[in-house]
Amino acid sequence: MKKELEAIQAAALEALKDVKTADVLESLRIEYFGRRGKLTDVMKGMGQLSKEERPLIGKLANEVRASLTEAFEETKNALESKQQEQQLNTEAVDITLPGRKPAYGKAHPVMQTLERIDAIFTQMGFQVVTGPEVETEHYNFDALNTPSDHPARDLHDTFYLTDGNLLRTHTSPVQIRAMENQKPPLRIIVPGKAYRVDYDVSHTPMFHQVEGLLVDRHVTFSELKGVLVSFARQMFGDQTQMRFRPHFFPFTEPSAEADISCTVCRGKGCRSCGHTGWIEILGAGAVDPEVFRAVNYDPEEVTGFAFGMGVERIANLQFRIPDIRTFYENDLRFLQQF
Amino acid sequence: MNVTLNWLKNYIDFDFSAHDLADRLTMLGIEVESVKELGAALQGVVVGKVNSIRPHPNADKLVLCQVDIGGQDALQIVCGAPNVCEGMFAPVATIGAELPSGITIKQAKLRGEESHGMLCSEKELGISDDAAGLMELSSDISVGTPLAEALGLEDTVFELEITPNRPDCLSMIGVAREIRAETGNELKLPEVNIHENDTDITEATSVTIDAPDLCPRYAARVIRGVKIGESPAWLKQRLESVGIGIINNIVDATNFVLMEYGQPLHAFDYHKLGENRIVVRRAAEGEQITTLDEEERKLTPDMLVIADANKPVALAGVMGGYDSEITETTSDVLLESANFQPASIRATAKKLGMHTEASYRFERGADPEAVIPALDRATQLIVELAGGTVCEGTIDVYPGKSELLKIQLRPDRVNFILGTSLEAAEIEQILYRLGFGIETSQSEDSSYQVTVPTFRGDITREIDLIEEIARVHGYDNIPTTLPKGDIPVPVPDISVEVRKRIKQFLLGSGMMEAVNYSFNHPNCFDKVRLAADNPLRDALRLRNPLSPEMSILRTTLLPSLLDNAQHNHNHQINNIALFEMSSVFMRGEEPGRVAGILAGEIGGGVYGNPYKNPDFFDIKGIVERLLEVCCITDYAFQKTEEPTFHPGRNAAVSFGNTLIGIFGEAHPEVLENYELPYKAYLFELDLEALADAADFSKRFEPIPIYPSVQRDLAIVVDFGMQSDTPIEIIYATGGDLVKSVRLFDVYVGDQVSEGKKSLAYTITYHSATETLTDKAVNDLHDKVVNRLGKELGAELRM
């Protein structure tokens, strides 16, 4: 019987070597382990063995059984992993086929720039406020210390409406509206559209500005510089240099224009900056006492500063669009780029 | 305005380089827009001396010259000019020089003889039209000197941007004053000596000012026996260097003084003045004048004119009259130097569209105290250039003479405003250099009484003085600090949040943000087929539009987006998904709107994600999700008759009774009007209404702990039934136990009878308090089916 067991074991192991499929493995399993299987049959003969022989043969039979079970298991595992491998192989894709990109739109480049500017000032404690685009002479000019015979009005080519109102030429009227509505301290920025009669490669009749106003009991010109230098470094990079030049605006005194070191040549001088190394980005100044009087603030009690910048101009420092009218064609080939 | 380096140096000493001067002026607030080197055209042209001449062996008309240009060896130059002679000094264009005529000088062989340059005529150098012979130069110039330098043509021109508050800088002396503020060097004003004849000017003429409010000062001199002619080279060169045209010696002299002092002057032909006298008055109704530019001008009584006894002879402060201008035959000149009220000149210039050097200065404010120095300076120049004698005395009518303005200045206030710590001495020095008078006041606050010179009409207040101090001290020398004040607490504004969320959502849904002009063409309302009585047609109009396309303010964003679709389609871009958020313009208000368009193809257009044509349900989905993003749930959709839209494919959005917007498929005629060959889907919603309805306050809702049960239900109903009618009944029947109802199929076809359709829903049943048993769900579901049958005639589809 011992011989028989050893023969079965050898035959089974031999047979397993040729197994290629799960079906064959199963029939082989039945051939040996089934109710009428070869191993089962041998085990049935155990009863006829002598008392001495029985434990020995029993042990041997168990060993054969265990080793065959293990061999079957191994074969099964091998078959399965082979099968999985085959399946994975057939599932391989051409990874160069196009991905299914979820749709995703893009904000308008001028709005992207405007939102960056807003974010920088908001983080410095400025609150965003807005105001009407159709304005009166009073808010757009008179209250901003620009009476009708003032030569500074020539600088603003104004769109007038047939009803006598006008399209604001800057976002500055919102300074006046804000001061009329609020008591100091004020720390606001006013992003928005403004309009001037101008239409060429560097001017659009509608453009965007961000206006800023800070009013408190003791605000200095040095703080104006501080806020704007901080803005410029955040907006244009921490290596950015800024210079302030005296200028004239009817509603600020002292007034300044601020330049940043050229973003192309870093101040060395190039075509972009007209070889000066500087690029003008904004106008600013201490709030003129006449403006405070126009809103019933006492210029001896409060001081302040205001600034205003053109968003298209700043956007274009980055984007370098040769004709800024392109901004408002809304050509998708253009909008996709930003 | 243009100034030149050499011209400025006549009035003040400084040794800045051109670049340095440009920089300093800019930092003083006089922005230098460009810097141009004059004489650059004569680069490579030097002064040479013709040492010797010998005949050209192969040409009769040419000679061989040995020319000394200061180098080691004399150059051999072939020359054919008739006036060439030994010992002559003449300009030599050296090898490589590019002449204004476009010729580049090369080493050449002329009839077999080497020529190392070219001896030049004035014409060849672009100096004059004289081509008769070589330009003869003075023999006291050393050979080798660049010609531009030798002729004094070397100069640097600065183009300045003078802000409207600084008319005092519209002259050489004015800019020199700024350099004085920078350097502290004193001004060198021209010395004027006039030899007068025996005739008293009052015998020759008189000046009457009938409008003293518009003419604070009028002064005149009379010069007799002048000879009109060409101005000398130095004068022409000065004027040309700053871009002023050359006329004749008298007019050129007045223009020179205009540039020197900033005081506009006018020379009349004395004999063309009726009764040889001047009356300054307002124009009479219906009066006319032909101005120097030979244009006939109709005058109105608000305009100030200079008249003789009978008629206007000049438009005061703007332009002289044609009939009294200086001509070749003029012998006697009445020279005007006056001051006019800025607003009046500004109004006249604007009304007549005449912007001259004179009006430019007067409308900004000229210095009344420059009237006499400029008059005398011009008189002197005229006599120098044109001969003649000056009548004795000056007529000077000065009704507008006023006291010098004095302003109190508190030094503490200077530092308070600027954030500086300037010493009193620094402040005093700056004011002194700017020409202000300073007295220390007796009061305790150590303030100053500052006297403002007449040329600084822009300085009227303490703050103006503070700006002057800041300017000269240098903005760059003011410290840079951060605000010390408290940060005001912002008022929360839900509309900002609503806009932000909507924009994020629309971008996330694949739409691109458009920004359009606020303008539109009035015909846009017809193009989108607005009803004749639609209030959106009542748009604000521009009085001075750039073009008809930009002549009204838009009341709806949809036409702009359709324009964008058309533009893109015309450029073969057809995956149109755009939105815009902007105000529109109603009378008296500017409500915010959000609008969008889907047209052409959406999707990736690639294998696995093909293009698809958008349909009604794409735009509806966007609107639904947008409302969801604003946390708005109680809205309703209803079909409308809006002519912009397909009558069967549109819906208005409302909350309660408030209409807040509309969406749908554009009407085929609208598509035609915008030349779109495919359908377009539009929406436009009122941002203010969305902000009013939005509610971002959120509270946690427990996640269900009991399982839910799903049952599908397909019913056959009348074809015309809206798909949400059964849903309402399902909710009404199941109450809280119906968690959701989803329509997952709509079928019309062979499987259902004509006039019917099948709607298939998935109903999710759920209880918050227990696990629903099969029986409970089945009973409820049966109830739903029964009620749908009873109320809608719905048959269960098997």
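## Ground rules

This is a predicted model, in which local features need pLDDT of at least 70, side-chain atom pairs count only at pLDDT 80 or more, and totals for chains, interfaces and linings use all residues. Residues are numbered from 1 along each chain as its sequence is written, while chains are lettered from A and ligands numbered from 1 in the order in which they are written.

## Domains

Chain A is divided into domain 1 (2–91) and domain 2 (109–335), with bounds that come from an automatic or database domain assignment. The centres of these two domains of chain A, taken over C-alpha atoms, are 89 Å apart.

For chain B the assignment gives domain 1 (2–39 + 155–183), domain 2 (40–150), domain 3 (196–397), domain 4 (406–477), domain 5 (494–693) and domain 6 (709–796). Between the C-alpha centres of domain 3 and domain 6 of chain B there are 97 Å.

## Where the chains meet

Contact here means that the C-beta atoms of two residues, placed from the backbone, lie within 7 Å. By that rule, 72 residues of chain B are in contact with 67 residues of chain A. On the chain B side, α13(B) gives the most, with 6 residues. Elements that each supply at least two residues include α2 (18–27), α14 (494–508) and β30 (575–583) of chain B; helices (H or I, at least four residues) and strands (E, at least two) are DSSP runs, numbered from the N terminus.

By class, this side of chain B has 36 nonpolar, 22 polar and 14 charged residues. Ala, Val, Leu, Ile, Met, Phe, Trp, Tyr, Cys and Pro count as nonpolar, Asp, Glu, Lys and Arg as charged, and the others, Gly among them, as polar.

## The sheet from the opening question

Three strands of chain B form an open antiparallel sheet in the order β24-β26-β25; strands pair if DSSP finds at least two bridges between them. Its edge strands are β24 (406–409) and β25 (437–440) of chain B. β24(B) and β26 (448–451) of chain B are joined by 4 bridges.

α13(B) packs on this sheet, touching β24 and β26 of chain B, and its direction makes about 70° with that of β24(B). Axes are lines fitted to C-alpha atoms, for helices over the stretch in contact, and angles run from 0 to 180 degrees between N-to-C directions.

## A covered strand

In β34 (658–666) of chain B, 7 of 9 residues are buried, meaning that 20 or more other C-beta atoms lie within 10 Å of a residue's own, with C-beta atoms placed from the backbone (12 or fewer is exposed, in between partly exposed). β34(B) runs antiparallel to β33 (645–655) of chain B, with 7 bridges, and B:Phe663 is the bridge partner of B:Ala651. In the hairpin of β33(B) and β34(B), B:Gly656 takes a positive phi near 55°. Another 5 bridges join β34(B) to β35 (680–686) of chain B, also antiparallel.

## Nonpolar cores

A nonpolar core is a set of buried Ala, Val, Leu, Ile, Met, Phe, Trp, Tyr and Cys residues joined through C-beta atoms within 7 Å. The largest has 153 residues, of which A:Leu228, B:Ile597 and B:Ala680 touch the most other members. Not counting residues up to four places away in sequence, those touched by B:Ala680 include B:Leu562, B:Ile597 and B:Ala666.
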